[in-house]
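Okay, shall we start? Let me put the structure up, and then I'll walk you through some side-chain contacts and surface patches.

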Amino acid sequence: MNKYVSPILEEIRNSPVEDALKQAHDYSLDYLKNLENMPVYPKPSDIDNLSVFDEDMPTAPASTKEILDLLGTYGSKATVAQTGGRYFGFVVGGNLPAVLSSRWLSDTWDQNSAMYVHSPIASKLESICEKWLVELLGFPEDTAVGLVTGSSLAIMCGLAAGRNKLLSNLGWDVAADGLFGAPQLKVVVSEEAHSTDMKMLSVLGLGQNTVTKIPTDYNGAMRMDLLPELDNRTLLILQAGNLHSGAFDDFTVACMKAKKAGAWVHVDGAIGLWAAANDNMNHLTDGLALADSWNTDGHKTLNTAYDIGIVFCKDRKALVNAMHMTGDYIILSDDRDNMMYTPEMSRRARGIDIWAVLKSLGKNGVNQLVEELHQKAAYFSEELSKNGFEILNEVVFNQISLVWKNNKSTEALAKKLQSSGVMWLGGSKWKGRNIIRISVSGYKTTYNDIDLCVKEFIRCAK
Ligand SMILES: Cc1ncc(COP(=O)(O)O)c(C=O)c1O
C-alpha cells in the first residue's frame with residue numbers, strides 16, 4: 001500500500017500556525033490603529049497597486065507569510081474604511097470588538113453549524129440567540145429564528161414561509177408540487193420597497209410585474225388609506241426603515257386589516273427593526289409583533305461583522321416546512337438543528353457572533369446604540385441644514401437624504417465628497433430628485449467626525 005504524503009501539505013503541517021496567527025494579528029492591529037487616519041476611500045495609487053495580485057494561477061505554493069504580507073501591505077490600503085467613524089454609505093454598520101474578537105476564536109474552531117451533531121456550541125448559542133432576539137424585539141414567544149447571510153436571504157425565507165403557508169391554507173402543497181397550477185397569490189408592497197424584496201419575489205416564482213405597489217407619503221411610509229382589499233391569498237410586505245428616509249409603515253393598521261383577511265404580512269426591517277429595542281423610538285414599531293415574519297441584519301444597525309441576516313417567523317412550522325430537508329445520512333437531534341431554519345446546510349456558526357454582540361451590549365447597550373445612531377443622524381442633518389443643504393426627509397431613524405441646489409450640483413457634490421478621503425457616502429434618487437444619502441450606522445462615529453464632515457460638505461460645495 002502506497003502511503004502517499006504530499007510534500008506541500010507536509011510543509012504546511014510542519015510550519016507553526018502560531019507564526020501565521022501572530023502575523024495576522026499584527027497586521028490587524030496596525031490596521032485598526034491607522035483606521036481613523038487612512039482615507040475613507042482608498043487613494044487611486046493604492047487601487048492601482050492591486051495589480052500585484054494579477055498573476056496566472058501559480059503552480060508552486062506560496063508561504064502563509066508571503067500571502068499575509070501581500071494582504072497586509074497591498075490589501076489593507078485598498079480597503080474602504082467601513083468600520084471607521086466617517087463611512088456613511090449604503091447601510092454599513094461597524095464591527096464591535098466582541099464580534100471581531102470572538103470571530104477570530106470561532107474561525108479557529110471552524111464549526112459547521114448545520115446540525116447539533118456537528119457542533120453543540122453552535123447549536124446552543126443559536127438557540128440562546130433565538131430566545132434573546134425574540135424577547136428583545138417583542139415578538140410572540142415561540143417565534144422561530146434563522147441565521148442567514150443577510151437581509152436578502154432572510155427576506156426570501158420569510159416570504160417562502162408565507163407563500164407556502166397561504167398556499168397550504170388553500171389546499172396546495174408548494175414544497176411537493178411546485179407552483180405549476182397553484183392557486184394565484186397576490187403580492188402587495190410599498191412603491192418604495194427595497195429592490196431586494198422585488199428580487200426575492202422573482203426568485204420565489206411570484207414575479208414582479210403582477211405586484212400591487214402602494215404609493216408612499218412625504219417621508220416614504222406606505223399610504224394606508226390606499227391599501228387595497230386584502231384576502232387569504234395576499235402576501236403583504238411592509239417596511240421598518242425606508243432606505244432613503246428611515247420611515248416606518250403603520251404596522252397596526254396594516255396588520256389588523258391583514259389578520260381579518262387571512263393575509264400573510266412580512267416586514268422588511270433590515271435597517272429599522274432594532275427601533276423596537278429602543279425606549280424612545282419603539283413607538284415607531286407599534287403593531288410590529290402582529291406581522292407573521294420579519295427580517296433584519298446584524299451587519300447594519302447592530303454593528304456585527306458581515307455576514308449576518310436574521311429571519312423571524314411567528315409560525316415555527318411554516319418556516320421549518322419551507323426550509324426542511326432530510327437525507328439518509330442526516331442526523332437530527334432533540335436539540336436545535338440550525339439548518340431547519342435556513343436554506344443552507346453547511347455554514348459558519350453565525351450564532352456565536354450574535355450571541356457575542358448581544359452579551360457585550362446587553363439590552364441597555366442595544367437601546368443606547370440605536371439611540372446614538374439616531375441622535376447623531378439628527379445632529380448631522382441639523383448641522384447640514386443650518387449650512388444651507390436641503391434635508392428632504394424627516395430623520396426618524398438613522399437615514400438622511402439631502403440635496404444641494406439642484407440635481408446636477410447634488411451629483412457633483414457627491415462625487416467630490418466620495419473622493420475627498422474624509423468620508424464616503426452614496427447617492428441615489430428619491431421622490432424624483434438626485435440625492436446624497438447619509439446613513440449613520442457605525443458605532444465609531446463621533447460628533448467630532450460629523451463636525452469634520454460638515455466642514456468638508458461646506459468646502460466641497462464651494
Ligand atoms: C430595507 C433593506 N432591505 C434589504 C436590504 C438587503 O440587505 P442585505 O444587503 O443584508 O442582503 C437592504 C440593504 O441595504 C435594505 O436597506
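By buried I mean under 20% relative accessible area, with exposed over 50% and partly exposed in between, using a 1.4 Å probe and protein chains only.

Quick housekeeping. This is a predicted model, so bear in mind that local features need pLDDT of at least 70 and side-chain atom pairs count only at pLDDT 80 or more, while totals for chains, interfaces and linings use all residues. Residues are numbered from 1 along each chain as its sequence is written, and side-chain values use heavy atoms, with hydrogens and water left out.

Back to the rings. There are 11 aromatic pairs in the structure. Rings of Phe, Tyr and Trp (its six-membered ring) pair if their centres lie within 6.5 Å; planes under 30 degrees apart are stacked, over 60 edge-to-face, and the rest tilted. Take Phe90 and Trp424: the ring centres are 5.8 Å apart and the planes sit at 15°, so we call that pair stacked. This pair links distant parts of the chain, 334 residues apart, with Phe90 in the loop between α4 (64-75) and α5 (97-109), and Trp424 in the loop between α13 (407-419) and β10 (426-430). Helices here are DSSP runs (H or I, at least four residues), as are strands (E, at least two), numbered from the N terminus. Phe90 is exposed at 53%, whereas Trp424 is buried at 13%.

Our friend Phe397 pairs with Phe248, edge-to-face, at 5.6 Å centre to centre and 80° between the planes. Phe248 is in the loop between β4 (234-239) and α10 (251-261), and Phe397 in the one between β8 (390-391) and β9 (399-403), so the pair ties together parts 149 residues apart in sequence. Phe248 is buried too, at 10%. And there's a cluster, in which ring pairs link Phe88, Phe380, Phe389, Trp404 and Phe457.

On to charges. Side chains of opposite charge can pair when their charged atoms come close. How many salt bridges does a search of the whole structure find? It finds 24, each one a side-chain nitrogen of Lys or Arg within 4 Å of a carboxyl oxygen of Asp or Glu. Asp69 and Lys65 make one at 2.6 Å, N to O; both are in helix α4, 4 residues apart, about one turn of the helix. Lys65 is exposed at 51%, and Asp69 partly exposed at 22%.

Compare Arg86 and Asp449, which meet at 3.2 Å, N to O. Arg86 is in the loop between α4 and α5 and Asp449 in helix α14 (residues 447-461), 363 residues apart. Arg86 is buried at 10%, and Asp449 is buried at 10%. Then there's a salt-bridge network of Arg103, Asp307, Glu344, Arg348, Arg350 and Asp353. Within that, Arg350 bridges to Glu344, with the closest N and O atoms 3.2 Å apart; Arg350 is buried at 3% and Glu344 at 17%.

Last stop, the surface. Which helix gives the largest share of the nonpolar patch? That's α4, with 3 residues. Leu50, partly exposed at 31%, is in the loop between α3 and α4.

That's my tour, thanks.
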